[in-house]
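Here are some notes to read alongside the model.

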Amino acid sequence: MSGTPAPPDIIRAAYAELTVTDLAAARWFYVDVLGLVVTAEEPGALYLRAFEEYLHHSLVLRAGESPALVRLGYRVRAPEQVAVAETYFRALGARTERVAAGATRGIGEAVRVEDPLGFTVEFFYGATHVDRFTQAYHLHGANAIARIDHFNVLVPDVRAATAYYRDLGFGVSEKIEDDEEHLYAAWLYRKPTVHDIALTGGDGPRLHHVAFAANERHQILHTCDVLGSLRAEQHIERGPGRHGVSNAFYLYLRDPDGHRIEIYTSDYYTGDPDNPTVRWDVHDNRRRSFWGHEVVPSWYSEGSTVLDLNGRPRPLTAPTEQREASVTIGADGFGEVASDGGPGTGFKLGHQS
């Protein structure tokens with residue numbers, strides 16, 4: 001953007017902080033069932049990581065009155081990039097807050113911003129290093145999770161949100177458009193995979209899900225068996241299955257507070273500078289499920305509340321542009337298209353087109 005300072009050099013999606021209403025129930029779900037490692041525990045908070053991670057945490061669970069997304073965290077490439085981020089967002093007119101090392105346990109000096117999309121985002125480099133358990137197989141459960149992978153968020157204007165992330169230096173791996181080039185959803189990356197952030201049209205800002213990567217499909221399937229054996233299968237919302245977009249094998253879970261978590265594997269490399277953008281036509285139903293599965297109503301209607309820098313819920317803005325009524329789009333751009341040109345049968349979360 002003309003006259004705007006250089007953006008920070010972002011490496012990847014690094015962590016998310018969620019408010020939960022029952023920390024003991026959250027610990028059961030994330031530690032006892034999913035197997036995440038507890039790096040630290042203090043009154044009112046858990047700091048968790050997956051087995052391949054050596055930074056202090058990739059997920060913070062903090063006790064609160066209502067479930068919400070507190071912030072998303074991106075790691076930048078060098079300590080000086082924290083100041084670059086602060087300068088960049090101030091030039092955009094965004095509210096910023098410089099925080100000292102340790103403001104979030106295990107995280108160095110950082111800047112927090114209310115970004116143009118309405119999300120509270122932290123940019124940091126410094127972090128406490130902890131043991132990486134990649135080859136500590138005696139500690140791995142059969143459903144071991146490897147690392148955090150991406151965030152998926154709901155925004156009222158996907159094209160403007162995509163432009164914002166492109167200005168931050170993100171590449172676009174995949175997108176969903178119609179013949180008039182209306183943009184329904186986009187997948188953007190900094191690390192060389194399909195995405196660090198997915199943008200989907202809908203009432204926003206809201207968090208749709210936080211995704212963690214597993215190394216193999218059987219680990220995801222084992223999570224389903226664990227939940228079934230515990231008579232806790234109600235935590236399985238969608239899947240297992242394979243996405244058309246991203247090609248990934250997936251499972252979507254709801255934690256005890258309703259936060260949505262994806263376990264994800266088998267997407268593809270995007271690191272070459274000429275990596276092509278895959279364009280999906282909105283009328284191609286394979287984009288929503290490569291196997292043709294139906295999508296449950298909650299997928300289209302529910303997402304986590306987003307908090308501002310003061311911890312207050314952000315108001316929602318509805319999409320202003322409406323499309324023809326033959327398409328309904330949900331998170332990840334998955335939805336229903338009526339084959340006869342009449343109204344779709346899916347449940348609406350984002351743009352109706």
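1. What is the order of the eight strands in the open sheet? The order is E2-E3-E4-E1-E5-E8-E7-E6, and the pairing is mixed. Strands pair here if DSSP finds at least two bridges between them. Strands (E, at least two residues) and helices (H or I, at least four) are DSSP runs, numbered from the N terminus. At the edges stand strand E2 (37-42) and strand E6 (95-99), each with a single partner strand, so one side of each has no neighbour in the sheet. From one strand to the next, the twist averages 20°.

2. Before going further, please keep in mind that this is a predicted model: local features need pLDDT of at least 70, side-chain atom pairs count only at pLDDT 80 or more, and totals for chains, interfaces and linings use all residues. Residues are numbered from 1 along each chain as its sequence is written, and side-chain values use heavy atoms, with hydrogens and water left out.

3. Within the sheet, strand E1 (residues 10-20) and strand E5 (residues 68-76) run antiparallel and are joined by eight bridges.

4. Helix H1 (residues 23-33) lies across E1, E2, strand E3 (45-49) and strand E4 (59-63), running at about 10° to E3. Such angles run from 0 to 180 degrees between N-to-C directions, with axes as lines fitted to C-alpha atoms, for helices over the stretch in contact (heavy atoms within 4.5 Å).

5. Have a look at His140, in the loop between strand E8 (120-124) and strand E9 (147-155). His140 is partly exposed because its relative accessibility is 22%, where buried means under 20%, exposed over 50% and partly exposed in between (1.4 Å probe, protein chains only). Leaving aside neighbours within four places in sequence, His140 contacts Phe51, Phe133 and Thr134. A polar atom of the His140 side chain lies 2.7 Å from the backbone oxygen of Phe133. Gly35 is 105 residues away from His140 along the chain, yet their C-alpha atoms are separated by 7.9 Å.

6. Thr193 sits in the loop between strand E11 (183-189) and strand E12 (197-201). With a relative accessible area of 17%, Thr193 is buried. Not counting residues up to four places away in sequence, Thr193 touches Asp149, Asp267, Tyr268 and Thr270.

How values were computed
Polar contact = N/O pair within 3.5 Å; in protein donor to acceptor, adjacent residues only side chain to side chain.
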